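This report looks at a sheet, a helix and a loop residue. Keep the structure open while reading.

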Amino acid sequence: MRSLLDIQKQLVPDLIHIMRKRYDLMQSIRYLQPVGRRALAQNLQTTERILRAEVDLLKDWGLIHVSPIGMSCTEEGLQLLSNMESMADELFGFSDLAIQLERLLHINKVIVVAGDMDVSEWGKKELGRVGAALLKLHAEEDDVIAITGGSTIAAVSEHLTPSPHFRGVQFVPGRGGLGEKVELQANTLASIFAAKTGAQYRLLHVPDRLGPDAVQSLMGEEQVSEVLQLLKRSRVIMHGIGDAVAMAKRRKYTDLEISELTELGAVGEAFGYYFNAAGEIVHRMPTIGITLDNVRQADVVLSLAGGSSKAKAIMSFAKQSCQTVLITDEGAARAIVGQFRQARHPDAQLL
């Protein structure tokens, strides 16, 4: 496969570019269907005029169906995308990107999917699809699996199905409520993960951000204490990585607090810890939930984060050296590689 691709790139260099453009187009239709031409053009950051010619071709080839309510993939189109999944890593360079990130970030396994969550809605769904497959792969009977909240982890739930791997599993929220949409909170997602897989779940009925006195008081509550003990036993942890300022805003930090975080150099956030570019903890929320010590004791830590804007956050958390697998997208991967090259980091010589 590699030699064939190298030959194609030399003889018909435009071929890979055209295939990639149509692959992205069909993936967008697949995840957004039924979708109108205007919405699709906006999602792909192109014009309706340019899009029209490609849509007509895919329609003529029987790969998409066009109706008054929008475009959707045909069975033949879905089968084509399925067949391409095993080829896309090599075809579009995702495997090479993953290997580069493994070397640069010192993570055992990195998986790069197509897209950039910052510009394409379907990129997050791709992360969710791969995340669900890996969760099933690593889950074992009677496991305790801790999950955090957020839209990326929520995307995983869309692709979960019942499996013997989840027999006796308990999904446990890594934190309490974040004060955001209830459907994105760890408690809600733990219950959804359990419902989709046929597993069990526990809830952590505490606010995400607390004062020191409230933390001590609640930790003495029996139900809270039981969940914290389960979190310590988590063999598998699935979590997102956030941009420091964006997460602070979601947690209703004041402008003064956000300015202080910025002055401290905070660029990334995970599990309520805020990290600077060197990976140092510069701030920790007074909260109840999973700790970095719990994370380091887990057998499997699945990190999901995408979008070119998340590059610095991903790099900062990688310095904690506690990840088993990083699942990210092409946008973030290329931005991370660019950061190393720009800084002329010694590890950039590995590229």
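## Pairing at the sheet edge

Two strands count as paired if DSSP finds at least two bridges between them. By that rule, β3 pairs with strand β13 (residues 325-329) in this predicted model. The two run parallel and are joined by 5 bridges. Val 112 stands opposite Thr 328 in β13.

## The whole sheet

How many strands form the open sheet, and in what order? There are 7 strands, ordered β3-β13-β12-β7-β4-β5-β6. The pairing is parallel. The edges are β3 (109-113) and β6 (200-201), and each of these pairs on one side only. Strands of a sheet pair through backbone hydrogen bonds.

## Strand β7 and its neighbours

Strand β7 covers residues 236-240. Of its 5 residues, 4 are buried, so β7 is largely enclosed by the rest of the structure. One partner is strand β4 (residues 144-147), joined to β7 by 3 bridges in parallel. Another is strand β12 (residues 300-304), which pairs with β7 in the parallel sense over 5 bridges.

Ile 237 links to both partners. Ala 146 stands opposite Ile 237. In β12, the bridge partner of Ile 237 is Val 301.

## Ile 290 in its loop

Where does Ile 290 lie? Its place is in the loop between β11 (281-284) and α14 (292-297). Ile 290 counts as buried because its relative accessibility is 2%, and the cut-off for buried is under 20%.

Leaving out residues up to four places away in sequence, Ile 290 touches Ala 146, Gly 174, Arg 175, Leu 231, Ile 237, Phe 271 and Val 295. Leu 228 is 62 residues from Ile 290 in sequence. In space, their C-alpha atoms are 7.3 Å apart.

## Helix α4

Helix α4 (residues 48-60) has 13 residues. From first C-alpha to last, α4 reaches 18 Å, close to the 18 Å expected at 1.5 Å a residue.

Which residues of α4 are buried? They are Leu 51, Glu 54, Val 55 and Leu 58. These cover an arc of only 105° around the axis, which puts them on the same side of α4. Arg 49 and Asp 60 are exposed on the other side. Gly 62 follows α4, and its phi is positive, near 75°.

Notes: Residues are numbered from 1 along each chain as its sequence is written. This is a predicted model: local features need pLDDT of at least 70, side-chain atom pairs count only at pLDDT 80 or more; totals for chains, interfaces and linings use all residues. Side-chain values use heavy atoms; hydrogens and water are left out. Buried means under 20% relative accessible area, exposed over 50%, partly exposed in between (1.4 Å probe, protein chains only). Contact means heavy atoms within 4.5 Å. The expected span of a helix is 1.5 Å times one less than its number of residues. The arc is that of the directions from the helix axis to the C-beta atoms.
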